[in-house]
Amino acid sequence: MPASHLDRAVGAVIGSAVGDALGAPFEFGPEGAFSARFPSRGEGGEMCGGGGWDPGEATDDTQMAVLIAESLLECEGLELPDVFRRFQRWAAAEPKDIGLQTEAVLSSGDPWDTAAALHFQVSQRAAGNGALMRAAPAAVYFAPYGSKATMDAARCLSALTHGDRAAWEGTAIFHELTRVTLAGDDPLTAVEETLRHVHPDHVERYATVLAPDWHPDQATEFNGAVWPCLGSALWALRTTASHEEAVRAAVDLGGDTDTVAAVTGGLAGAVYGIGAVPRRWTELLHVPLPGFGERVLDAGELAALARGLVTAP
Ligand SMILES: [Mg+2]
């Protein structure tokens, strides 16, 4: 039976979070480290923790995603200054992990609408995957508003921390592919049409990494960059047949494993629905929110948040 819209939406949010938590202990590790340790599927124990992370602990990817989700619900829409304030409050509480780019922008003291652009003017480096990694909840929330609105929202949310349009366009593609998936369509066949709505300066690079015959070995940058990260997520989806297999394949690529698996897990969760996300992974999942009291969301609370995003007016 195909997953319902609600199953897919909850699957996207939780599916991304479990990818993040599963990949975290393997960050910056070599290719194949995950399957070397956990050779067969379904055995359990993969939410192993390590590298400073407890088993099932979600990292900055999901923490920032939750901040966006709660802002959308509490403000009843996209209030960019509010999202930026939440990011700043979180960053000031010294989370265990935070992207270099994101930290520099959030701690710059510059206003929400210029901080990322000013940082980019100086650094000329802002095409990381740090905006793409946190996109699942907003992709769910904006899906009913259609293609243009969801892609524009992705660009605005990305621009809060990333001044490079490459990061905006990658996140916009993720939003749109999630939108068509929630509607029951195949994200892989939607790539071509989605690229038509990407800024012309950025079509070629995304067309390359999203092509059906692209393989992560062909990446020209580390997968902490937005292009190979998104390309790897699509590759993992294309070459597997379940959420579990897709996320395993993503973590096994090595490098920025938590984020590549978070992006993969978000799309795969939307494709296969929450019922396909392994229970033994969600049981251990938890999302600390530094700066917001001692709050730690479990999978049930994260699922409730996702349902709220679907049913929001
Ligand atoms: Mg992370």
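This dialogue walks through some features of a predicted model.

Visitor: What kind of model is this, and how are its residues numbered?

Guide: The model is predicted: local features need pLDDT of at least 70, side-chain atom pairs count only at pLDDT 80 or more, and totals for chains, interfaces and linings use all residues. Residues are numbered from 1 along each chain as its sequence is written.

Visitor: How many helices and strands does the protein chain have?

Guide: Helices (H or I, at least four residues) and strands (E, at least two) are DSSP runs, numbered from the N terminus. The protein chain has 16 helices and two strands.

Visitor: What does the radius of gyration say about the protein chain?

Guide: The radius of gyration is taken over C-alpha atoms, and the globule rule is 2.2 Å times the number of residues to the power 0.38. For 313 residues a compact globule would come near 20 Å; the protein chain has 17 Å, which agrees. The C-alpha trace spans about 50 × 45 × 40 Å along its principal axes.

Visitor: What share of the residues count as buried?

Guide: A residue is buried if 20 or more other C-beta atoms lie within 10 Å of its own, exposed if 12 or fewer, and partly exposed in between, with C-beta atoms placed from the backbone. In the protein chain, 55% of the 313 residues count as buried.

Visitor: What share of the contacts comes from residues 24 or more positions apart?

Guide: Two residues are in contact if their C-beta atoms, placed from the backbone, lie within 7 Å. Taking contacts with a separation of 6 or more, residues 24 or more positions apart account for 73% in the protein chain.

Visitor: How do the axes of α13 and α14 cross?

Guide: Axes are lines fitted to C-alpha atoms, for helices over the stretch in contact, and angles run from 0 to 180 degrees between N-to-C directions. Angles under 35 degrees count as roughly parallel, over 145 as roughly antiparallel, 65 to 115 as roughly perpendicular and the rest as oblique. Helix α13 (residues 243-251) and helix α14 (residues 257-272) have axes that come within 8 Å and cross at roughly 165°. That makes α13 roughly antiparallel to α14.

Visitor: Is the crossing of α13 and α14 left-handed or right-handed?

Guide: A crossing is left-handed if the near helix is turned anticlockwise from the far one by less than a right angle, and right-handed if clockwise. The crossing of α13 and α14 is right-handed. On the α13 side, His243, Ala246, Val247, Ala250 and Val251 make the contact; residues on the α14 side include Thr257, Val260, Ala261 and Tyr272. Ala, Val, Leu, Ile, Met, Phe, Trp, Tyr, Cys and Pro count as nonpolar, Asp, Glu, Lys and Arg as charged, and the others, Gly among them, as polar. By these classes the contact of α13 with α14 has eight nonpolar, five polar and no charged residues.

Visitor: How many residues of α13 are buried, and what covers them?

Guide: Eight of the nine residues of α13 are buried, so the helix is mostly covered. Among them are Glu244 and Arg248. The cover includes α1, α2 (33-37), α12 and α14.

Visitor: How does α9 lie against α14?

Guide: The axes of α9 and α14 come within 8 Å and cross at roughly 20°. The two helices are therefore roughly parallel to each other. The crossing is left-handed. In α9, Phe174, Leu177, Thr178, Thr181 and Leu182 meet Val263, Gly266, Leu267, Ala270 and Val271 of α14. This contact divides into seven nonpolar, three polar and no charged residues.

Visitor: Which other helix packs with α9?

Guide: Helix α1 (residues 5-23) packs with helix α9 (residues 165-182) at an angle of about 150°, with their axes 9 Å apart. His5, Arg8, Ala9 and Ala12 of α1 meet Thr178, Thr181 and Leu182 of α9. The classes here are three nonpolar, three polar and one charged.

Visitor: Is alanine 166 buried or exposed?

Guide: Alanine 166, found in helix α9, counts as buried because 20 C-beta neighbours lie inside 10 Å. Neighbours within four places in sequence aside, alanine 166 is in contact with Ala127, His202 and Val226.

Visitor: Which residues have a positive phi although they are not glycine?

Guide: Most residues other than glycine have a negative phi. Here phenylalanine 28 has a positive phi of about 65°, and glutamate 94 one of about 55°. Phenylalanine 28 lies in the loop between α1 and α2, and glutamate 94 in the loop between α4 (80-92) and α5 (100-106). Phenylalanine 28 counts as exposed, with 12 C-beta neighbours inside 10 Å; glutamate 94, with 10, counts as exposed.
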